[in-house]
Amino acid sequence: MKLLRLAPENTKFPFMRFRRVSYPLSAMLSIVSVLLFLFLHMNFGIDFAGGTEVELRAKSGHAEVGALRVIAGKLDLGDVEVQSFGNQSDATLRFGTQAGGQASAQQAAIERVKSAVENDYDVRRVDSVGPRVSGELVQNGILGVVLSIFAVLGYLWFRFEWQFALSAVIATMHDLLLTVGFFSLTQLEFNSSSIAAILTIVGYSLNETVVVLDRIREMMRKYKKMSAAQIIDMSVNAVLPRTIMTATTVFLALLSLAIFGGHVIRSFSLAMIWGIVVATYSSVFICSPMLIYLGLRAEEAAGRDEEEKRAAPQVAAKPKPDARRAKPSTA
Amino acid sequence: MLRFAKWKIFAILAMTLSALLTVVPSTLSPAQYDALARALPLWGKPPTIVLGLDLQGGSYVMLEVDKASVLHTMAMSLRDDARRILREEKVAIVGGVGQQARGVQFRLADLNDAAKVLPKLKSLMGSYTNRLGVGSPPLEIDDAGDGLIRVSVTDSGLTERVRHAVDQSIEVVRRRVDALGTREPSIQRQGDDRVIVQVPGLQDPEQLKVILGQTAKLEFRLVAEPGESPTDTEELEQLDQPGKLSVEKQVMVQGEDLTDAQPGFDQRGGEPVVNFRFNIRGAQKFGEVTSKNVGRPFAIVLDNKVVSAPRILVPITGGSGQISGHFTVEQANNLSILLRAGALPAKLNIVEERTVGPGLGQDSIEAGKRAAYVGAVLVVGYMLVTYGVFGVFANIALSVHIALIFAGLVLLGSTLTLPGIAGIVLTIGMAVDSNVLIYERIREESHAGRSILASLDAGFNRAFATIVDSNVTMFVAAAILYFLGTGPVRGFAVSMALGIITSIVTAVTMTRMMIAVWYHRARPTKLPI
C-alpha cells in the first residue's frame, strides 16, 4: 500500500536563514494586532462586558431582525444588538446592564423582552451577567493566562536551559498577541470559552515548541562541534514531518467542530484553528531562531548534560552508545 | 521492548474492558437502563454520565446577599438598641439619636453618664455576632470624651452577618426549590456572600426566579388610626392599588409563626387565596389582638408592601386565616410556597443567570455528536492512509482512549458540557500526536540505517521523554483552566486533562503492545511506514 506523505522526506530547509523574513513579518503582525486591539477593540461577550443575551427562535418562518429591533427599541433597554444566525429562524438580542446597575432592574428588563416577543418566538436561552460577576470573570481570565505562562516557564526552566524556557515563552506571547489581533479583526465574540481557547493555544503552542526544543537539545549533546544554527536547522527539519502531521490531525478535529459543533462553540473552534496555525509557525520560525539571539551554544547544553550525568548516572548513561552508533550514518 | 509480560497484556485488556463496561450504562435508553438497574441489584444503580445544564436544559442562578440592605437592617436595630439603653438607664442626651450609614451617634447631656451607657453598649456585641470572642468585634464604640458617642458596625461584623445570612438562606432556598418538584436541584454556597442554584430540566425558569427573588417576610400589623404618633407608624406601598397606607410599626404576628400555607379559592367570590395556619404562639397573639380591635382594619404586609387590609369582623381565635389580594392562581401558588419555606434572612439579588431551554440543549447534544463523529472519522482515516497497519494500531488505541475519557467522566461524576464535548474532539486530534511522535521517530531511526527492531525500540524510547514534556505543558493549561473556570468551561478542562492522561497510556503502552504482538506474528523484513 502506498502511504500518504504530506511532508517531503529528508528536508534541508534553511529555517535559520528564513528568520530575516520571519522576524520582521512577526514584528509587523504583532504591531498590527496591537493596533487592531486598540482601534477596533474586541467584541466582548456579556461574560466580560456584563449584560444580558437572549436567544430566540421564530415559531414559524424567519426571525425578523428589523421587527425585533423595533420591538426592542420600545422597551427602554438602552443599546440593543439584534443578530440573526444559523438557519435564519434564530436571533439573539443583547443589551447592557440597566441604568442604576440594580439586579432587579436587569431582571425586569428580561421580563419585558420575554413578554414582548413570546407570541412569535420561543426563548431558547437567557444569559445574564451582573457587573460585579463580569469583573471577576475578567480578572480570572487574565489571571489564568498569566499563571499558565509562568507555570510553564517554570517547568521549562526546570527541564531545559533558561534560553529554551525564555524563547518558548516569547513564542507563546507572540501567538497570544496574534490571537488577540484575530479576535479584534474578525469581531468574533470574546467570552469565557474564548479564554479556554486561549489557554489551549498556550498549551498547544508550548507543546509544539517543546517538541522542537527537545530535539535541539538532543542534537546538541550528540554533535558538540556543530554551530548552533546548523543544529537548529537540522533539528527543525527532523521534526518537520511530525509537526505537519499533528497540526493536520488537530486541524481536522477543529474543522469538524467549527462546521458541525453548533454556534455556541463556533468562536472557540475558529480561534483554535487560528491558534494552531500561528503556534506551528512560531515554533519553527520564532522560537528556534530565538535561541541564537539568546546566545545558546552547544557547550552549554553539553555542560548541562554532564551535570545530569553526575546527578543521575544510570539515566544519563543511556544516550552515549546510541550517539556513537548514530554518528556514522548521519554525518 | 518487544517482550511484553503476559500480565501486562492482561492488565491492559482488563482496563479496556472495564472502561467499556463503565460507559455502557450511559449509552442505554431510559427503559433499557431501568432493566439493567433491576438486573444488578447488588451494586445499586450503575453510574452514568451527568449532562451539564447547557446540554440537558435548565437554569443556573447565582444569588448574592444584598450587603447594603443587611447593613441598613443592622444600623436600624442599633438605633433601636441605643434608644432602649438610653431609656432604661434614664440618660438624657442633647438632640436625638442620629442615624448614620453604619450605625448611630448621640451626645450625652451629662459626661458622667458615659460610665452607665458604655458597658451596656459593649454588652450589645453578643447580639451582633454569631461567634463571640472569635475574630475582631462586630461593633466599634467610639467615645470622643466630650460626650459624643458613636456606635458603628465594623467590616468584620458585616461580613460575619452576611456569611450567616448565606448559611440560613441555603436552607430556605432549598425548601423553596424543592417545592417546585424538579429532579436533583443543586444549591451551594459560593464565597462569603453568594448562593448558586442549579436546577436541571425546568419547564418554567421564570417561576424559579420569582420564588428566589423574594424575601417573603410576612407581617400582620394594625392599620394606623388618625391621630397616632408618626414615630409609631409608617407609610407602606400597596400591592393591589396605588397610594400608600399608614400602618403601625408594631408587628402583631410574623410569618415565622405560620405552620402551613396552601393555595385555595375564596368560598364566596371564588378568587384564588392563600389559606394559612398559625402555630400555638401565633394563634394566641393573633386571637388577643383581634379580640381587642374588632372593627379596625389590619394590614397583611409582605416584604414591606401591603397585600391587603381587611377589617376585623370578629375575633379570629381559631389559629387559621386567609390572605386574599386579587391573586392569580399562579401568584397564590407561589406565595404559599414562599410562606411554607419561610422568609430569607436578607434580600438576595440575582447577579448571574444562565438558562438553556430543553430544545437548545438537545440541539447542542446533536451538534456535539455530529462534530465528534466527523472529527473522529477524519482523524482515523488520515492516520490510516499515512501509517497503514501502524495507523490501524493507533486508531485502536484512539478508540480505547475515547472510552477511557468517558469512563473517567463517569467515575469522577463530572458533568459533560458542550465545551467538554469540544475538549474530547480536540483530544481526538491531539491523542494521535503521541503516536505520530513515535512513528516519525521510528522512520527516522530506520532511515539512519538501523534494524527494524532497533528502530522500533529507539522510536518508543526516544519519543517518550518528548511525549511527557509536551503533555505536561498541555496539562498545566488544563489544570489552570479548571481552577479558574466556571460552569461549562470547567467541563472543557476536565475532558482535556483526562484526555491527556489517557492518551499517554493508550498511545504509548497500548500501541507498543500491539506492535510487539504484530512483530512476533508477522516477522516483518521491512518497516511498513
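Predicted model: local features only at pLDDT ≥ 70, side-chain atom pairs only at ≥ 80, totals over all residues.
Residues are numbered from 1 along each chain as its sequence is written, and chains are lettered from A and ligands numbered from 1 in the order in which they are written.

Chain B holds 13 helices and 19 strands, where helices (H or I, at least four residues) and strands (E, at least two) are DSSP runs numbered from the N terminus. The radius of gyration of chain B is 35 Å, well over the 24 Å that the globule rule gives for 529 residues, so chain B is more spread out than a compact globule; the radius is taken over C-alpha atoms, and the rule is 2.2 Å times the number of residues to the power 0.38. Along its principal axes, the C-alpha trace of chain B spans about 110 × 65 × 40 Å.

One open sheet of chain B has four strands in the order β3-β4-β6-β5, with antiparallel pairing; two strands are taken to pair if DSSP finds at least two bridges between them. The edges of this sheet are β3 (93-99) and β5 (139-143) of chain B, each of which has a single partner strand, so one side of each is left without a neighbour in the sheet. From one strand to the next the twist averages 10°, with axes being lines fitted to C-alpha atoms, for helices over the stretch in contact, and angles running from 0 to 180 degrees between N-to-C directions. Helix α5 (residues 114-122) of chain B lies across β4 (103-108), β5 and β6 of chain B and runs at about 170° to β5(B); contact here requires that the C-beta atoms of two residues, placed from the backbone, lie within 7 Å.

Further along chain B come two hairpins. In one of them, strand β7 (residues 186-190) and strand β8 (residues 194-200) of chain B pair in the antiparallel sense over five bridges, with R189(B) opposite V195(B) in β8(B). Three residues lie between β7(B) and β8(B), and G191(B) in the turn has a positive phi of about 65°. In the other, five bridges join the antiparallel strands β10 (residues 233-238) and β11 (residues 244-248) of chain B, and E234(B) has V247(B) as its bridge partner in β11(B). The hairpin of β10(B) and β11(B) has five residues between the strands, and G243(B) takes a positive phi near 90°.

Another open sheet of chain B is made of three strands in the order β13-β14-β17, again with antiparallel pairing. Here β13 (258-265) and β17 (320-323) of chain B stand at the edges with a single partner strand each, so one side of each is left without a neighbour in the sheet. Neighbouring strands of this sheet are turned by 25° against each other on average, direction ignored. Strand β14 (residues 272-278) of chain B pairs with β17(B) over four bridges, and S320(B) in β17(B) is the bridge partner of R277(B). Helix α9 (residues 329-341) of chain B lies across β13 and β14 of chain B, running at about 170° to β13(B).

In chain A, helix α8 (residues 228-260) has 33 residues and reaches 45 Å from its first C-alpha to its last, close to the 48 Å expected at 1.5 Å a residue; the expected span is 1.5 Å times one less than the number of residues. A kink of about 45° lies at V239(A) in α8(A), shortly before the proline P241(A), the bend being the angle between axes fitted to the seven residues ending at a position and the seven starting there. After α8(A) comes G262(A), whose phi is positive, near 90°.

Between the two chains, 60 residues of chain A are in contact with 62 residues of chain B. The largest share of the side of chain A that touches chain B, 14 residues, comes from α8(A). By class, that side of chain A has 32 nonpolar, 19 polar and nine charged residues, where Ala, Val, Leu, Ile, Met, Phe, Trp, Tyr, Cys and Pro count as nonpolar, Asp, Glu, Lys and Arg as charged, and the others, Gly among them, as polar. Strand pairing also crosses between the chains: β5(A) and strand β18 (residues 348-356) of chain B pair in the antiparallel sense over five bridges, and R125(A) stands opposite V356(B) in β18(B).
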